[in-house]
Every structure is written in structure tokens, then in C-alpha cells.
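Here is a briefing on one protein model. Look over the sequence and the fold, then read the points below.

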Amino acid sequence: MSNPLPYSMKDVHYDNAKFRHRSFSKVINQALLTRKIKRDCLSCSTGKFLVLVLVFGLGCLMLTHTSPVPSGSGGLANDRTTDNTDDGSPRFNRFWRRAPRLPPRLSLDEKGTQSGLNHDHVKSRSKWIARQQNVKDAFVHAWSGYKKYAMGSDELMPLSHHGVDGLDGLGATVVDALDTAIIMGLDDIVADAGSWVEGHLSEKISQKGHVNLFETTIRVVGGLLSAYHLSGGDGGMRLTNKGPKPLVYLETARNLTDRLLSAFTSSPTPIPYSDVVLRDSSAHPAPDGLSSTSEVSTLQLEFNYLSMISGDKKYSMEGMKVLEHIKTLPKEQGLVPIYISPRSGEFSGENIRLGSRGDSYYEYLLKVWLQQGAGHHGNFSYLHDMYMEAMKGVRNLLVKKSVPNGLVFVGELPSGFKGAFSPKMDHLVCFLPGTLALGATRGMTKERAIKENLLTFEDLENLKLAEELTHTCFEMYAVTSTGLAPEIAYFHTQEFSEDGHDGGNKSSKYVNDIIIKPLDRHNLLPPETVESLFVLYRITEDPKYREWGWQIFEAFERYTKVDSGGYTSLDDVTTVPPHRRDKMETFFLGETLKYLYLLFSDADLIPLDKFVFNTEAHPIPIKGAMTSS
């Protein structure tokens, strides 16, 4: 390609022959009209003859060198043939135009490589579709045991074949499992669960005595609201036509939440009481007078969405008062104690941890902000500020590395910021990697976020920590004899070690990094690690997270499946065969199997930039995201 002339654009239009563009026909005409040429040609008959031949030849070329017009092209063909250029010579320009470039032809080797890549992609997708079906089959097996022996009870005892109301007696497994069945397309189970909700749940609510505000909200209210949206309510996805009309789920959720509001209205501060008596809509504090920090701050996703779809702001107003109040309380680098007093409105004690009673406080700071459109709807930026400050505090005060192999883990400060560090990490903390990754990219892929230059330095730090912690959480599984994680692990550090308490898998590289004490070796079919695997795979697109999830699923199948129906929790994951506990937690159907199914699914099924999952894995739509898609 030739270099451009060193002149400005204004010079191109300057009326000087050196710069003015002229067509070839104009050059010929001007040359014929110049006096010198005219005089020379007219004085020589040969010159006249040559000029006539030249003009005649050019005319023939312009008349015959036209593109054929296909029949039926109508006005488009006419537009093309009557289009005139500035110099009035369209046909000559078409004649002079370069031939179009054809696309490059692939060599036989290149064609083979391309075909191989397509084949590998199809083969990989087929593998994960098959594994997704395995998870669906596991859900059907779990539901079959529950339906056969415990329908309407909170939980199934799969070994002794009966149900138990270990939670609030509101059929928690039914409601927890409902939206999982909808997502999996299991219409028969949707019909069973939906019919039970329509026929029995409202009566149970009106007659029920004591329930826990937190557990009832995340499992029952969250499950009903998710089922409402996924079955077509609020212009939702309508993934099923089975079960009752979506309005049944909404009205039941509203009836229940109206009674739960007494926990807020009875309290002298914005911090709600922990316990509610549903039948008379009364509330009272726990026996010690305290509420868990995580419990009072893990209601807002559900209450906000209920206000949005019902048009009644009272639910959102009561829920958001809690977070607005906590914003005003003193913190240490964003970290807070695990107890708070409804009577005083102040934190109680000094215990700092991201495990039980602390975990979902940090989760909902981010997710409520995302739910409200990440700052696009209303003034919720303070939530993101609180979240970012807290994650900085986690990195500075709670993150350590094990010895000898440097696993990154999150410990605790049981005596507060001035006390000793404990290298104890609950399996519950394995929610954190997914939350960190979600906060870094807002649900979009890492590749897209980097390409659009959306990640700050802190986002990149949080994403790196998310990947390191996900690896640690997986190794908590891989280090045991069963391939299943304990409820609690300790990590070997320079300051802390205990001999004789490894996970049992001597071939694991990290067998000396992770300590599992005898009382902590149980497994309750937990969801937190597979939750983070799901989020990390969606965001990084790294297939190792799927492979890790498949290994965990295979271990569940091998050691927790009960032939007569259902799955059971275990007493000790470090021995084979493990002793069984005879309990199938509701979250195995509501969370664990749901996250595994979504881990193996395509990214457009419940996309992370359009939904946030409540802490019980019930997807809640992000405000404005569904209508903008």
C-alpha cells in the first residue's frame, strides 16, 4: 500500500490540478480540447484516425462491461445501475474496479484441525450433558425417597424410612426442592410439590407455632418466590407449565411474610427478634436475648423482591432498616462480631469469623447491591462500600497459608482483633470464593470483564483469592478417604499443628496441611464448595472446576446414596466405609444438586448477570436485568 501524501484534508479540495481529483474520462476530454493537441491532430489525417479509434474503443468497453442484473432484483438493481459518481462515468469505474477478494482456502491440514476442534467441542458438550443427566437422576432418587417416606415433613430419615420436622414444620424439603425441579424440567415432581404447596402449606402456616425468622425466610419464602418467577410470575422465565398458577406461590409467600414481620415490629431497635409464633403473629428474642449477625442481615433479598412484585414497600423497608443500621455500627476493617442484640442494637461479643453466624452477612452485602442493579436503582452504593472494606479486612486479618504446601485458607479471631488467630475453617466458609468472584466481575465472564477494562486492582486481588480458596475447598474433599469434606477443618501452620488427625488419603499432596479433629469429621451433604465451583466455572470458564465438581458428585453417589431412596449424611469422612447418620438435609435437594446441575449446564441457564442466588440457592431476578435482555 502506498504512503499517503503529506498534505492535510483541506488541500484535497483546493482548486489546483496537483491536488484535485479528476476522472480518466475528464482527462481525455480536457486533452482533446487543448489547442496544441487539436492543432496537431487536425493537421494529420492519421492523427484523426487514431483519435476516432481510441474514442470508439473506449465507448465499446464502457457499453459492454456491465454486471448482469439478476431477475427479480427490482428496485435494488435499478438503484445500482443508475448510481452516478461525481465524474459521471459509472460504467468505467466498474470496469476499472479491482476484482473482489475471495476468502482464503484452508489447506487439508487446516481443515482437519478445524474439524477436530469442532468434534472435540461436540464431544465435550455431550460429556457434560450426560453428567448433568446423572445429577438429575440423583435428584429424582432423592425425591423418590422423600415422597415415599416423608412427604410434607421437613426432612427425610432415609435409613429408618420416616420424616422429621427438624426445622419449622412447614414442609421445608418440598419448598426447597421445588425450584430445583423446575430448573431441571422435572414436571412430575413440580406437579407433586406444587400441589402440596397449594393444598397444605397455607393451613400449616396458620396453625404453626414457633419458627426461626432466618430459616423460614431463606428456605420457604425464598423457595416460593423463586418458584413464582420461574413458573412465569412477574413476566418470569416460565420454565414449567405444571403445578398451580404462579399467583399461588406469591400469595402463600406474602401470607407467611406478613406474619414474620412481627419480628421487626416487636423489636425496640431495627434489629429483629430471631423467633416468631406464626399462628398469632407474635415474636420474641432467643433465650440469650441475642440474634446472629448473619441471620438478621440475610432476609433482604427475599423481602426486597416480595415488595417489588407485590407493590407493597413494607417488606423492603423493614429488611433494609437492618443493613442501614449496621452501617452506622463500629467495625474493624469492615469485619463484625457474629452476634448482635435486638434490645440495644449493638454488636455483642468479639468473635469474628466467616463461618456459622457470620457468613451470609458478607454475602448479602454484595448480593443485595447486585439485586438492586449494582447501583443503577436507588442509593445502595453503601452496601458495595461495606462489602469491599470487609473483603480487604479478610485479606489483611484472616487469610493465611498452611505448611508445608501453602494452601490459602480463611481462619478466625475467636477473641477479637487483639486475640489469637485460629486456623479453623468451617466448610461453610467455602461460599466465599464464589462471592469474591461474583463481586469482582458482577456475574460476567472474566474474559469479558478484562476486555472491557472493568476490573479494578482490588477486583483482581479478590478474583485471585477466590481461585486460591476454591482450590483449598476442593482439597478438603480430596484429602479424605471418602473424597468428601468434613464439616470443619484446621490447617497446619507455623504456630499450630496436631499429629494423627489427617483425612486418611495418604496419597494426597496436602495430607499434612489439613487437620480433621474427631468431632468435626461429619458431612451433611453440604453445598458451599459446589456453589463456588459453579460460580468460578461460569466466570473463569476453566474446565477444572467442572472436573472437581464431578469428583465430588461421584463421592456422594458412592458413599451417601441409599438404595431405597434418598441420600444420607455421614458421621466420619476419614474412614471407609463411613458410618451413616440417617438424615437428608433439605439443602441437598435445594442447593447441592442444583449447583451441580448448573455447573454442568450451559451458561444461559440462570445466568449470573440476571440472577442472584439467595443463601439457600433460590434464584432471585436482578432488578431490570430481565427486561433489558
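Which helix gives the largest share of the lining of the largest pocket? Helix α10 does, with 4 residues. The model is predicted: local features need pLDDT of at least 70, side-chain atom pairs count only at pLDDT 80 or more, and totals for chains, interfaces and linings use all residues. Residues are numbered from 1 along each chain as its sequence is written, and side-chain values use heavy atoms, with hydrogens and water left out.

**Overall make-up**

- The protein has 24 helices and 15 strands. These are DSSP runs, numbered from the N terminus: helices are H or I with at least four residues, strands are E with at least two.
- Of its 629 residues, 52% count as buried. Buried means under 20% relative accessible area, exposed over 50%, and partly exposed in between (1.4 Å probe, protein chains only).
- Take the contacts with a separation of 6 or more: residues 24 or more positions apart account for 68% of them. A contact means heavy atoms within 4.5 Å.

**Largest pocket**

- The largest pocket holds about 820 Å³ of space.
- The search runs on a 1 Å grid over the protein atoms alone. A pocket is an open set of points with protein on both sides within 12 Å along at least five of seven lines; a cavity is a set where a 1.4 Å probe fits but cannot get out. Lining residues have an atom within 4 Å of a point.
- Grid points are joined across faces, edges and corners, and a volume is the space filled by probe spheres set on the points.
- The pocket is lined by 31 residues, and Glu215, Arg219, Asp359, Leu428 and Phe587 are the closest to its centre.
- At least two lining residues come from each of α10 (213-230), α13 (293-296), α16 (359-371), α21 (528-540) and α23 (586-599).

**Annotated sites**

- An unreviewed UniProt entry marks Glu215, Asp359, Glu487 and Glu528 as "active site". The lining of the largest pocket takes in Glu215, Asp359, Glu487 and Glu528.
- UniProt positions are given in the numbering used here, feature names are shortened, and annotations may be inferred rather than shown by experiment.
- Glu215 sits in helix α10. Not counting residues up to four places away in sequence, Glu215 touches Asp168 and Val220.
- Glu528 lies in helix α21 and is buried at 12% relative accessible area. Beyond four places in sequence, Glu528 touches His427, Leu428, Cys430 and Phe431.
- The "binding site" annotation, also from an unreviewed UniProt entry, covers Thr615. Thr615 is in the loop between β14 (611-613) and β15 (619-621).
- Is Thr615 buried or exposed? Thr615 counts as buried, because its relative accessible area is 18%.
- Leaving aside neighbours within four places in sequence, Thr615 contacts Phe214, Ile218, Thr298, Ser360, Glu363, Tyr364 and Glu591.
- The side chains of Thr615 and Glu363 make a polar contact at 2.9 Å. A polar contact is a pair of N or O atoms within 3.5 Å; within protein, one must be able to donate a hydrogen and the other to accept it, and residues adjacent in sequence count only if both atoms are side-chain atoms.

**Cavities**

- The whole structure has 2 cavities of 30 Å³ or more. About 70 Å³ of space lies in the largest cavity.
- Its lining is Lys367, Gly434, Thr435, Leu438, Glu531, Val535, Tyr595, Leu608 and Phe613. Helix α18 (432-441) gives the largest share, 3 residues.

**Nonpolar core**

- The largest nonpolar core has 156 residues, of which Phe139, Leu201, Leu383, Val394, Leu432, Met584 and Leu593 touch the most other members. Helix α17 (residues 381-398) gives the most to this core, with 9 residues.
- A nonpolar core is a set of buried Ala, Val, Leu, Ile, Met, Phe, Trp, Tyr and Cys residues joined through side-chain atoms within 4.5 Å.
- Setting aside neighbours within four places in sequence, Leu383 contacts Met320, Leu323, Leu365, Val368 and Trp369.

**Backbone points to check**

- A cis peptide bond joins Val403 and Pro404, with omega about 10°. The bond from Val576 to Pro577 is cis too, with omega near -5°.
- Leu525 has a positive phi, near 60°, in a residue other than glycine. Leu525 is buried, with a relative accessible area of 0%.
- Arg442 also has a positive phi near 60°. Arg442 counts as partly exposed, at 28% relative accessibility.
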